[in-house]
Amino acid sequence: MNQNHRTQAGPRFRRWGIALLLTAAVCGVASAQSQPPITILINTSPWLPSFKSLVSQYEKETGNKVNLNVVPFSAMIQKSLNAVSSKTSEYDILNLNEQWYSQFYSGGLVTPIKDIDPSYTLPKQVIEYAYADRWDPKVGASTKNGEVYGFPINGNIQLLFYRKDLFAKHNLQPPKTWADVEKDAKILNDPPNVYGFVTRTSPPNYNFQAWLHSYGGTIISLDQSTGTWSVNIDNAAAHQALDEWLKLTWSYSPPNYANMGQSDEISLMASGHLAMFIVASAAESNFTNPNTSSVVGKIGAAVTPGPTADARAPTSGIWVMGIPHNLPKAKQLAAAKFLEWAMTKPAELAYAKAGGVPVRQDVYEELAKDPKYGWWMQAVADSTPYIKAQVRIKETPQILSVIDRVLGQAVIKKMTADQALKQAATEIHQIMVKGGYKMAPLSSQ
Amino acid sequence: MRRSLTPYGLLRTVLIVVAVIATLLPVLVTLVTSFKIPRSIIAGTWFSTPTLQNYAALFTGSGNFLRLTGNSLIASLGSTLIIIVVASLAAYSLTRFRWPRAWTVTVIALLLFVQMLPPIVFVGPFYLISRNLGIYDTPLALIMAYMVLNLPLAVFILRNFFADVPRELEDAAAVDGATRLGTFTRIVLPITTPGIAATGILTFIFAWNDFLFALSLTTTPRGMTIPVGVANFAQNYQILYGNLTASAIYAAVPAIVLVVFAQRYITKGLALGAVKG
Amino acid sequence: MSETTPVTRKAKRPATTGPRGVRWLLDAGFKYWALAPALAILALLTLYPAVQLIRMSFSSVGYAGGHIAWSPVGLANFTQILGDATAMVAFRNTLVFVAITVACETLLGLALALAVSESRRLSGFYRTVLMLPVLIPPIGIGAMWLMMYDFNYGFIDKVLSALHLTPQPWLATTRLAFPSILVVDIWHWTSFLFLIILAGLESLPQDINEAAQIDGASHFQRLWHVTLPLLRPTITVAAMLRTIFAFKIFDEIYLLTNGGPGDSTQVITPYIQQVFFIQGRMGYAAALAVVTALLITIFVIVYQRVDAALSGQG
């Protein structure tokens, strides 16, 4: 009787109890990690497939859902602005390009991580690309003391890509100085089969900054102690840089040098008609893919040259991921959790192995030894100490379009280099005065 | 045959032949390119083993072109049908009835003004409207946008054709006791078929090829149309010429089918007979 | 535009008179409810954006603290245009571009429409082929011509090399870039003019033409004195619409030259896009858009005047 009673009620009670405990345990574990699904805005690019694999890994590991909205590059800024201007953003994470992220930081359109997840600190191994991830609203620039507003996701910097087979044939080493570049380009220049060197002229501002920064020049700079900005594009360093850049543009390029876009110069290299050029590291995938490249295995990568071997200045052209301000707290937290996960070493390592451009120094150093990735990752690892930033204020796109315009005129010789820089300085100074910045007077050269 | 030997006939033939060749040449170059591997395209070789990979890429992986085609068809056909009906009625009303002069001038000015505004003016507001109405990222949002984009154009072209309809026909119909609507559908429309066909083709094509609104009002393949898919191949680091040319050819095919079908209506013959006898 | 006299309703009224039902209402008020849908659509969807645009052009609009902030600046945006080198060049280039392309496309479209309408055999083939260009998405047109014009792997230069002639950098010199873009636009849009004018030709009443032929008029005389005057309204409408569209050209320029080399192919619409979205200066972009609309208005008024003058003659 008692036994009967027990066989019915006892084990059943125990079974229910165990079931309950298990459920509670599962829920407990899940609630620590489970987040509402998030949507990320991203563009079609060479690193999209690797980002997709990063996302699916996150989904597998945590069970959280991530949706990707893939749009053309030309739509990114428009859609990002639309999203942050509406009542509730349709995207939980935005991909912001270095050339326009300042608009989002300064306009308060993305929320700093401190306001979402106060306990989080960015790992030391994450390269900050001259503090591209930070913003100091008081100063109006990306400085060391600013809060983290965006997570770097795409660590694009400029590299020198060169035909190592041609260099080997002529017993040349990859150039370390601009003088070396000229010498090597002259030797290898064999039009129309191989051109010695091309620069990007459509638009030119990003490419030019590799020269400008290597000579120690800058477009603008901030004196943090006084809070005064100065326009430096008309200084001696800038003149030297532009003269060198123009010389290389005119001397060893095909006749269409005045309209050389990024896609054009990459195609030239991939079809075997170019000896060397400077471009963002993300271009590497075009050279290893037999579907697009006639020179598979023949391309090497090196740190961008400078006037001396110590004065190099690969300029960053990164993408950061920001969380829009107009989202409910739960969504912002979910987005933050994904970004924090993406910054960890295992995630970054997997991302790099899938073809992405990672942002952690330790990942670069580890993969630099890897035969598959080392050919370009070594160069990136070596470049880290030299990385320079682009202009990062709200008026950046306006300033860059001034640079584009005057450089374009200089390339077609409608303006001399001196006139071009003087014009640029005057206009940029005006732009910043209008923007309300405290400006040092324009020094007349 | 005799006609073509006159100087005028010769000129005519030469003009047509040159025009046809000039029109087809870039299209053929694009067609051939679409069957090349990207490596051969940028290497500039004349011939290379043909490949279907560029077309395959449209439908596999993240190409999604079947879905995009469906959306394009719904958005373009839907907006065209609505526009044809609305614009025909409006054009008929404006041309065949007595309106105060000031009123017609105002309406024309309004239509022109809307047509003149750069489309980016509408991007922001339409984005907000479509999100509020819940039609964002669907072909319905695009139908809304295309109605605005193409309606003035349609009214203008149709006004022109409706104005040419001979008065006597309508008066005859009135004598026979037809309603105004009946006159419109049974007498006037058949005569203006060339104009309506031309307008229909144009509104369809402008909707079919629109990029700006498709870009702003959609964000996933649920709503995206073919031009957005095509633009995905013009990337920042490399323009994927193989895929781009393949998608451009593909995008033109439905429009060509429509034109082959509709251009039959842009022929003489329907105008004849009505007035004679 | 052709003036029209109202249809006189002295004839017997339709059978729907009598009980003043809905059908009578529909019939009597036909002219109103026929026009209403068009006006309603436009009023609902365009009034607000148009007003916003004008308001923006008199303000400085930007993002601050997560919101769009407006501050009135009077005419400052407009005066800024005068000092903006890029904008001035863009306007100048656009006006030249529009004038040349519309003139060429109208003449070519007219000539082709006249030629094709008279052909008997292969007429359907000609029509379909000549309408092709406008059927291809603009971004496809840009890519297509990039592959014709490219210096290193483009079709034209490959042919030139094969014929031992010097290949030209079509898109990379100030001398050649603008004409190259003109060719692309003419190739693209002549079919638009062709289509409309052909439809107009096919709707012309044939009796006048036949009467003239019987009277012994030559082909050319018939063309000049009969066909063209009747076609004039169609040509005017088509050219006017094409002019409006020409101001909005974007995709082809963006892909082919992006405004370069220098600013020889900089036109206004890409610049407005850049200022609005990338530079974030929405007020200034709105002012540029308003000025563009005013320029188009001037063109339209000129068309109307010329058309009225010609119709007075004819």
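This is a predicted model: local features need pLDDT of at least 70, side-chain atom pairs count only at pLDDT 80 or more; totals for chains, interfaces and linings use all residues.
## The surface of chain C

Chain C carries 20 positive and 16 negative ones, and 11 Å separates the centres of the two sets.

## Fold and overall shape

What does the secondary structure of chain C consist of? You will find 13 helices and two strands. The radius of gyration of chain C is 25 Å, whereas the globule rule gives 20 Å for 314 residues, so chain C is more spread out than a compact globule. If you follow the C-alpha trace along its principal axes, chain C spans about 70 × 60 × 35 Å.

## Inside chain C

Buried residues make up 59% of the 314 in chain C. Another view comes from the contacts with a separation of 6 or more: in chain C, 65% of them are between residues 24 or more positions apart.

## The nonpolar cores

Now for the nonpolar cores. The largest one has 293 residues, and those touching the most other members include Phe51(A), Phe104(A) and Phe161(A) from chain A, along with Phe192(C) and Leu288(C) from chain C. Which helix gives the most to this core? That is helix 7 of chain B, residues 139–163, with 17 residues.

Terms used:
Residues are numbered from 1 along each chain as its sequence is written. Chains are lettered from A and ligands numbered from 1 in the order in which they are written. Side-chain values use heavy atoms; hydrogens and water are left out. A nonpolar core is a set of buried Ala, Val, Leu, Ile, Met, Phe, Trp, Tyr and Cys residues joined through side-chain atoms within 4.5 Å. Buried means under 20% relative accessible area, exposed over 50%, partly exposed in between (1.4 Å probe, protein chains only). Helices (H or I, at least four residues) and strands (E, at least two) are DSSP runs, numbered from the N terminus. The radius of gyration is taken over C-alpha atoms; the globule rule is 2.2 Å times the number of residues to the power 0.38. Contact means heavy atoms within 4.5 Å. Lys and Arg count as positive and Asp and Glu as negative; His and the chain ends are not counted. The place of a charge is taken as NZ of Lys, CZ of Arg, CG of Asp or CD of Glu.
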